[in-house]
Amino acid sequence: MNEVLEQIINRNDTWRGRHRRFHHHEPSANSERHSPHGGGAGLATGYGSLDAQLDQGGWPLDSTIELLSDSNGLGAMGLFLPAMERLSEQGRWQAFIAPPYIPYAPLLAARGIDTGQVLLVHPKNRQDLLWSTEQALRSSTCSAVFSWLGTHNYSYSELRKLQLAATNGDSLAVLFRPTVAADNHAPASLRLQMREYRRVHILKQRGGNQHIDVDLPQAEDVPGQPQLWELPTCPPPAAALGSAG
Amino acid sequence: MSLWLCLRFGQLPLQCLNRSEEQAVVVLARQRVVCANDHAAALGIRAGMGTATVHALANNEPLQLLERDESAEQRCLQQLCCWAYGITPSLFSWHQDCLQLEIGGCLNLFQGLDGLLTRVRSGISSRGYSVEYGLAPTPKAAWLLSFAPADTALDITRPLAERLAPLPLGLLDTFPTAVDSLRRAGLHTLGDILALPTAALGRRCGREFTCFLQQLLGQQEDRQADYQPPKTFRDEYWFGYEVKANAELLPAMQLLLQSLCTFLRSTQLQTTEICWQLIGIDRTVREVSVRSASSHSDWKNWHQLTSICFEQLQLAGGVEGLALNCGNLRPGQPENTDLFNPGRQREPLAHLLDRLRSRLGLQAIEKVGCRDEHLPEFAVHVSSDRPGGEPPCGPPCAQRPFWLMPQPRVLRQTRQHLYWNGALTLLHGPERIEDNWWQEAVSRDYYIAGDPNGQHYWVFRDRLSRKWYIHGVFA
């Protein structure tokens, strides 16, 4: 019986609760930050309010992150721009698998992202999409993998395969899925939902806070750099649409 | 000082045809025995015997008679040259059954003579040849010494003339008349004639003979053309049975790739394309090309790429043989792996590209770049090979979306509203972009519009056609 338990515990995809969740007074504030996977391994998101809510102090690099949103994602890419900028220093690929449109290269360049690292992959079918995502995650040549899984249905085992590939790799692994996927279980350690700009809903977080909304205040934006969701305050002239007719 | 190692494959006529030790095997040329294996030798069969004698000696024992195949011998010798090229660059084949390697220049590489000989021995034994060694300052002396007992043949501390002295004159079979006349004069070993004055010997036996002796002793230069590795690679594997499942091809594929990469490594060549030939039972040849973005000589990478291709392959009929061709070889280029972060990146960047391209096709992988253009659709450059040099792009002065549609799409419009996933409201604008007046004038007013869910879009009104378009998504 113990052997069976041990086998389960030794699997690297078995999450184990830690005592600190239940004894608030015990650990120091410092050790709180650090994950069991080694030294606060998270990649800073660029948003302090979000970092504070994430278990590893930033995006986990040893697991997939699911981002659920309908249509084209309200600010979903803006959420990852600061991380992409930081990862750009590593000189590895940033793969966009089955992206909905073309990323606007001058904007990426203005945010300090090396556009030469951006790789657009256009798989023809569902199998190729899963295959290329797994290849990109398994390969050590990607610092970030963004995959738009689309509205297909994916079985738990297919997603788990991606999760395992991400466990071995060292890259920011983001899977974009529609909001309806929230009803199904997924092996990702972090599942986020974006219903409006500047507000992230943490749907699931392994070993961390769940079911909370995190606001991303304007004060944390990098000044002088183009933002994705910040609208200038002046409204358009009322006559604009009138001239359409 | 140069040092030559002679590898004499005395059993080559036999070993290139048959390595069986279970029964007596004899190789014949013009009805005379050229070579016999141990089993046959135990029966008393010796080189030079006639076919009738062999049959008489065999006396109802199972016996296999083979005709000598000199082209097979030459092929084996070429393969051995190819292998020995990994040890020293200056070598040549000699007398149909020998290799001459100049090893004086590479002793340090193998940490001395012992290390080198160990390497040579293991290489030859893994190929299943029996060999005699000779070691001397000149190639001809090394060859002659390969007939001497092993302790003399490899003992380079003793003077050369002393080591050569006991060898019989009969070994100099390229000079039959000279040897014959010397024998009749009562001279039987090399030692006998090396003691004679050269001029007198030259008058009796001819200039060529004395020239040979001088080259033997290193008194005259002995130049031979070095072996040149072939410019292309081809190797085959025959299954000996019919292969129907793709997975059964993999072990043969691995063997061929390893042999290719050994060849590439020793010739310091690399390739960006390899070509497989699946040879069917009915001798139809099906070709499969595997390409890579960067040229390299890493067999594991080729293995991965080929596996991806073979997985998708539909085998029409049975396959009997697999051949690997490599015609376009180029001098090596160093690979780029991150030197300072080896743990993070374990393979060159191009390897992922190769894998994706070999399954999805060349067009399915694109890269983006910036161009210094005013019109948004021209400012992004998307191409399946590398985008052109990146001009310094200044920060965009105004709001730009993350996603740009490859082509602006027409928005449905009524008198009051624009529609795209619901009614749109204009939130910000306009920003006028005019350009391209010298070709086809473009004049647009860009706005940011929001839909009922709060999603922001980048839309514009074409001032010339008076239509509304959507061009980007803020995400």
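Reply: Chain B holds 16 helices and 21 strands. The model is predicted. Chain B has a mean pLDDT of 85, and 94% of its residues reach 70 or more. For the complex, the predictor gives an ipTM of 0.80 and a pTM of 0.65.

Begin with burial and contacts. Chain B has 475 residues, and 31% of them count as buried. Take the contacts in chain B between residues at least 6 apart in sequence: 53% of these join residues at least 24 apart. Chain A can be set beside it. Chain A has eight helices and nine strands. Of its 245 residues, 44% count as buried. For chain A, 69% of the contacts between residues at least 6 apart join residues at least 24 apart.

Now the sheets of chain B. Strands of a sheet pair through backbone hydrogen bonds, either parallel or antiparallel.

One open sheet in chain B has three strands, in the order β3-β2-β4, and its pairing is mixed. Its edge strands are β3 (32-36) and β4 (63-67) of chain B, and each pairs on one side only. From one strand to the next, the twist averages 35 degrees. Look at β2 (residues 24-29) of chain B. Five bridges join β2(B) to β4(B), and the two run parallel. Find B:Val26 to see one such link: its bridge partner in β4(B) is B:Leu65.

Another open sheet in chain B has four strands, ordered β5-β6-β1-β7, with antiparallel pairing. At its edges are β5 (91-94) and β7 (132-136) of chain B, each pairing on one side only. The twist here averages 20 degrees from one strand to the next. Within this sheet, β5(B) pairs with β6 (residues 98-102) of chain B over four bridges, in the antiparallel sense. There, B:Leu91 has B:Leu101 of β6(B) as its bridge partner.

Next, the helices. Two packed helices are described by the angle between their axes and the distance between the axes.

Start with α11 (residues 198-205) and α12 (residues 207-217) of chain B. They pack at an angle of about 140 degrees, and their axes are 7 Å apart. That angle makes α11(B) oblique to α12(B). On the α11(B) side, the residues that meet α12(B) are B:Thr198, B:Leu201, B:Gly202 and B:Cys205. Their counterparts in α12(B) are B:Arg207, B:Phe209 and B:Thr210.

Then move to α14 (residues 299-311) and α15 (residues 350-360) of chain B. Here the packing angle is about 20 degrees, and the axes lie 9 Å apart. So α14(B) and α15(B) are roughly parallel to each other. The crossing of α14(B) past α15(B) is right-handed. From α14(B), the contact uses B:Asn301, B:Gln304, B:Leu305, B:Ile308 and B:Cys309. From α15(B), B:His351, B:Asp354, B:Arg355, B:Ser358 and B:Arg359 take part.

Finish with a single residue. Is B:Asp180 buried or exposed? B:Asp180 sits in helix α9 (residues 176-184) of chain B. It has 11 other C-beta atoms within 10 Å, and 12 or fewer counts as exposed, so B:Asp180 is exposed. Now compare its place in sequence with its place in space. B:Asp180 and B:Gly170 are 10 residues apart in sequence. From C-alpha to C-alpha, B:Asp180 and B:Gly170 are 8.7 Å apart.

Note on methods:
Residues numbered from 1 in each chain as written. Chains lettered and ligands numbered in written order. Predicted model: local features only at pLDDT ≥ 70, side-chain atom pairs only at ≥ 80, totals over all residues. pLDDT = per-residue confidence, 0-100. Buried ≥ 20, exposed ≤ 12 C-beta atoms within 10 Å, placed from the backbone. Contact = placed C-beta atoms within 7 Å. Pairing = 2+ DSSP bridges. Axes fitted to C-alpha atoms, helices over the stretch in contact; angles between N-to-C directions. Parallel < 35°, antiparallel > 145°, perpendicular 65-115°, else oblique. Left-handed = near helix turned anticlockwise from the far one by under 90°.
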